[in-house]
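User: I would like to go through this structure and ask what stands behind the labels used for it.

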Amino acid sequence: MPIKYQVELNSASKIYGETAAIQNVSFQILEGEFFSILGPSGSGKTTILRAIAGLIELNGGEIFIGGRPMHGVPVYKRDISIVFQNYALFPHMNVFSNVAFGLRMHNIRGTEVHRRVNEVLKLVWLEGMEKRRPNQLSGGQQQRVALARAIVTRPKVMLLDEPLGALDRNLRESMQVELKTLQREVGITTLLVTHDQEEALTLSDRIAIINLGRIEQVGMPTEVYESPVNRFIASFMGQTNLIPGIVKRCTERGVLVETPEGLQILARIGKGETKEGAKVFLAIRPEKIQLSSRFEPEMDNVLQGVIEHIVYKGAQTILHIRVGSRLIVAVEKNTFSESVLSTGMIIFLQWPPENVLILRE
């Protein structure tokens, strides 16, 4: 049985004057999947969403929704819904009327409207709030109304344009869990565009990383975080230590790389060049670094450093450690029991080769 894609982009391009907003973008979204497009401001992610919605026309390429080509198909015939960052609720309507608006636009009337609105308000935990106006709701409640309005028409695809961006951090984190739970319950294929890496990692089944209008990598959250294909993704997906070096030799245990400071680091083979003499970059996540007050010579990649700066963050502590002329960031999850961490303290850093990735540009 063939895989059923609910959304497909084939070589999609959009040009404004002499500027290419997106270039040759291709990906597929499975039916029922939560798919995110993640990238910095100006990378082209919103252009993709607007093109899928039918709000702009492509200069090249094709878009399919439910297997149907979308060229020339207006927004209201695409069987989609959109949730914007500002929610776009009607201030003069109560919760019930806001949610029912899309149904009435689809010529659904009478008891069916009441049945479906009440059903979806129960799903988003807004029972009993039908008569409230948007200005009588919290930010999280307004966001739930926008989601209810988006799913009540039972579209093929729900498009989310940074819908949690206006919420404070704690509410945003709780709404991420609620949004994912809701999406799983209703089973609607969902596309989220966001610049928030944590949000994309929390919500997504798969993530497409976009930069300068081009898709750099598509994969599951663990894949794009643990095995980025280039420097941009490694640095954009959370914090990482990027260290330049030259390949000295390949061994059965990994690739030996020498840094400009003369440090010898053993790494696993990644997406970068591994020929002797090749210039490469090493990526080491701060949380992958083990810290000790003692030198353990039998272990790989043991470096001595001096703590320069400490940032306490409750569940963990961020350390900036000077190793020669290079500053390395490490994360300590407040389990360091050998001594109290302090600036100026000599400390040993260690990581196994499998936690060091060789990357291309």
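Predicted model: local features only at pLDDT ≥ 70, side-chain atom pairs only at ≥ 80, totals over all residues.

Analyst: Residues are numbered from 1 along each chain as its sequence is written, and side-chain values use heavy atoms, with hydrogens and water left out.

User: What makes a stretch a helix or a strand here, and how many are there?

Analyst: Helices (H or I, at least four residues) and strands (E, at least two) are DSSP runs, numbered from the N terminus. The protein has eight helices and 20 strands. Its C-alpha trace spans about 75 × 45 × 45 Å along the principal axes.

User: Why is glutamine 217 called buried?

Analyst: Buried means under 20% relative accessible area, exposed over 50%, and partly exposed in between (1.4 Å probe, protein chains only). Glutamine 217 has 7% relative accessibility, so it counts as buried. Across the protein, buried residues make up 49% of the 361 residues.

User: What surrounds glutamine 217?

Analyst: Glutamine 217 sits in strand β10 (residues 214–219). Contact means heavy atoms within 4.5 Å. Not counting residues up to four places away in sequence, glutamine 217 touches Ile207, Ala208, Ile209, Glu223, Val224, Ser227, Pro228, Val229 and Ile233.

User: What makes the pairing of glutamine 217 with serine 227 a polar contact?

Analyst: A polar contact is a pair of N or O atoms within 3.5 Å; within protein, one must be able to donate a hydrogen and the other to accept it, and residues adjacent in sequence count only if both atoms are side-chain atoms. The side chain of glutamine 217 reaches the backbone oxygen of serine 227 at 3.2 Å.

User: Is histidine 71 buried or exposed?

Analyst: Exposed, because histidine 71 has 72% relative accessibility. Histidine 71 lies in the loop between β5 (68–69) and β6 (80–83). Its C-alpha atom is 9.9 Å from that of alanine 51, 20 residues apart along the chain.

User: How do you know that helix α1 is mostly covered?

Analyst: Seven of the nine residues of α1 (residues 45–53) are buried. They are Lys45, Thr47, Ile48, Leu49, Ala51, Ile52 and Ala53. Just after α1, glycine 54 takes a positive phi of about 90 degrees.

User: What makes a set of residues a nonpolar core, and which residues have the most contacts inside the largest one?

Analyst: A nonpolar core is a set of buried Ala, Val, Leu, Ile, Met, Phe, Trp, Tyr and Cys residues joined through side-chain atoms within 4.5 Å. The largest has 35 residues, and those with the most contacts inside it are Val99, Val117, Leu121 and Leu160. At least two residues each come from α2 (95–105), α3 (111–123), α4 (139–151), β7 (157–161) and α5 (169–186). The largest share, six residues, is supplied by α4. Leaving aside neighbours within four places in sequence, leucine 160 is in contact with Phe34, Leu49, Val83, Leu147, Leu179, Thr190, Leu191, Leu192 and Val193.

User: Why is the phi of glutamate 162 worth a remark?

Analyst: Most residues other than glycine have a negative phi. Glutamate 162 is not a glycine, yet has a positive phi of about 45 degrees. It is found in the loop between β7 and α5. Its relative accessible area is 13%, so glutamate 162 is buried. Asparagine 24, in strand β2 (residues 19–30), also is not a glycine and has a positive phi of about 50 degrees.
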